[in-house]
Amino acid sequence: HNAEAPNLEQAFHRMAQMEPNLDHDVSWFLLPSYWAKMVVALISFLCFANSYDGDFVFDDSEAIINNKDLRAETPLGDLWYHDFWGSKLSSNTSHKSYRPLTVLTFRINYLFAGGFYPVGFHVINIVLHCTISVLMVDVFSILLGGLQFNNKGRRLNLAPKSSLLAALLFAVHPVHTECVAGIVGRADLLCALFFLLSFLGYCKAFRESKEGYTFSVFWVLMSVILGAIAMLCKEQGITILGLNAVFDALVINKINLLELIRKLLYKDKSLENAGLLRKGLLFRITLLMCGGAGILYIRWRIMGTGPPAFTEVDNPASFADSLFVRAINYNYYYSLNAWLLLCPWWLCFDWSMGCIPLIKSVSDWRIIALAALWFCLIGLICQALCSEDSHKRRILTLGLGFLIIPFLPASNLFFRVGFVIAERVIYLPSIGYCILFTYGFSLLSKQAKKKKILAVAVLGILLINVMRCALRSSQWRSEEQLFRSALSVCPLNAKVHYNVGKNLADKGNQSAAIKYYREAVRLNPKYVHAMNNLGNILKERNELHEAEELLSLAVQIQPDFAAAWMNLGIVQNSLRRFEEAEQSYWTAIKHRKKYPDCYYNLGRLYADLNRHIDALNAWRNATVLKPEHSLAWNNMIILLDNTGNLAQAEAVGREALELIPNDHSLMFSLANVLGKSQKYKESEALFLKAIKANPNAASYHGNLAVLYHRWGNLDLAKKHYEVSLKLDPMAPGTKENYNLLRRKLEQLQKKGG
């Protein structure tokens, strides 16, 4: 046996040499496997390192900050019945994005960080991308060099230079920035990780022998399990099972697809000789198909109801009446995705809402993009099927497979998706792009006389991509930079203008926010959220009539828009149209049963109408729905205080402080009640605690001074009156009380004299 081993190894090497070596003509760096992986890891880290201290941006708010599934009080089991955003999968409003393992990693991040601190979330994303890029070295060595082993069973890397180049292209591709720098991109990263592990696990199932390949059922099943895990991170993960089957047919069984099609068409009896049965291909594909069908069935059962309901603004082409218009626009979207892979210069966080106007006629010049896409695809497919070079057929088919198959769930072919273009869904298809680019580079190198110039050009592309990644990562660090970066890319996107406006409004720059909200409404006259936010700002600026027009239009367009109904009620209340306001509030509550803010505003309306019982009931409802609703508690205490119900006001105040013990406004309101009830010591303690929490509130010092004044502590009263007047010289009543105290002190001094 020992004597035969070297001969067997030589035989394997001869088999490897029978096929053209992709590295032979490639002028590129040749590094040992360990160093190649270190270089890829380092460069992928440098591309996105500056995103580590970024904020939570865009979708991170809904998927992380507002997602109750991250908090310890939510049972872990709920993750399996909720979608990515924390809603029940059975709900009609659910997006049906089922990614429980991704949400679980967010939850672990949250627990270890002790709260919503984005650094830990970003670091994990960067580490995941580096890990995936390192795995790509092994994946590309198989896809570009084939699956060959030495006599000890160790896999040979027959394309070390090409696999390094392809892995670097993947690691530094700017289109990946959304997945790495945006925390929500964790779903794509985890999916890619298990996607690649499934592929490598499938490759591990095979061992080379004199007769060909033997395989392990265990590793085939393990690849199915890893594919299922990939799908539990993001839906695209299921496509690895199809790619494993393609790899098996082309690399393990070396099937010529064109020849197979011919034999099937002519019912050739020599099909057995094609290797379908002899090498166990049908058995393995049956395992993959059964595994995939089982996974999809379980996923369908968990999802419960039908597909998610998206709106026309999310994906306008899918709502077009004409099949021709739908088909032509879907194909245009594919060409734009291809262009983002080829030239990732124009990147945007959101491509919906008019960013890409619909093609409605063949006279539209953008038809050229479709023609170019299909010209290239058909050319590549013909070469992949008809080339006499088996090496070329294999690489092109694998490249096209990895480019197209992972993209299918986002293609609108099987179901409507909730976006026009999403850079994150190109993360996996970019593997196919890197294969095709590297193969093209090898062909050019073979023809080129000055190979070093070509190598320098590719190195230049890599350096430009590194810089582009760093720039794009910095734009993803804050919402302001991210939203503004989109204005030049998608100036027709109403959502971009809306988000810029919202960001400005959150920072208090209402004048600038109005401009962007108006532009959002101009670009999309049915954009109810922009109307609602613009109406809110106009309401605060006392431009009530225009605010009412906007909010009325918003609820007319979307009758179940609860927030707009509530805001319309607030405007109508300000215009003293109380009956209409009350009706608007109740309509809002009808559409959103648990709406504490609406109950709070309804209570304010009833208080203005002196309907005190109704006001107290409304505020009580607000606190039941939201126990930490400080304003509702405060208004209850103040109303009871003003109507002379001191005992009830005190009881409500104590109840509120038990629930919100550090709220200084509640301490202040309860202190006022206790002072009137002549519980001076307890009142003083609460006033001092409130002042410690908020020392610059003039009213806190003024009311404490009144307490001391009543209590007879005149020197302390004088001190706090003076502090109050220093903080607010126009404080109502304080100056009069201070003058009364001074006169009293003067009288006491005279008596004492």
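**Exercise 1.** State which domains the protein is divided into.

*Solution.* The division gives domain 1 (31-303), domain 2 (320-473) and domain 3 (493-593), with bounds from an automatic or database domain assignment. Residues are numbered from 1 along each chain as its sequence is written. The model is predicted, so local features need pLDDT of at least 70, side-chain atom pairs count only at pLDDT 80 or more, totals for chains, interfaces and linings use all residues, and side-chain values use heavy atoms, with hydrogens and water left out.

**Exercise 2.** Describe the contact of domain 1 and domain 2.

*Solution.* Step 1: the C-alpha centres of the two domains lie 20 Å apart. Step 2: 48 residues from domain 1 and 43 residues from domain 2 take part in the contact (heavy atoms within 4.5 Å). Step 3: about 4,300 Å² is buried between domain 1 and domain 2, 76% of it on carbon and sulfur atoms; buried area is the accessible area (1.4 Å probe) that two parts lose on being put together, summed over both.

**Exercise 3.** Determine how many salt bridges and polar contacts link domain 1 and domain 2.

*Solution.* Step 1: there is one salt bridge between domain 1 and domain 2, the term denoting a side-chain nitrogen of Lys or Arg within 4 Å of a carboxyl oxygen of Asp or Glu. Step 2: a salt bridge joins the side chains of R424 and E178 (3.0 Å, N to O).

Conventions:
Polar contact = N/O pair within 3.5 Å; in protein donor to acceptor, adjacent residues only side chain to side chain.
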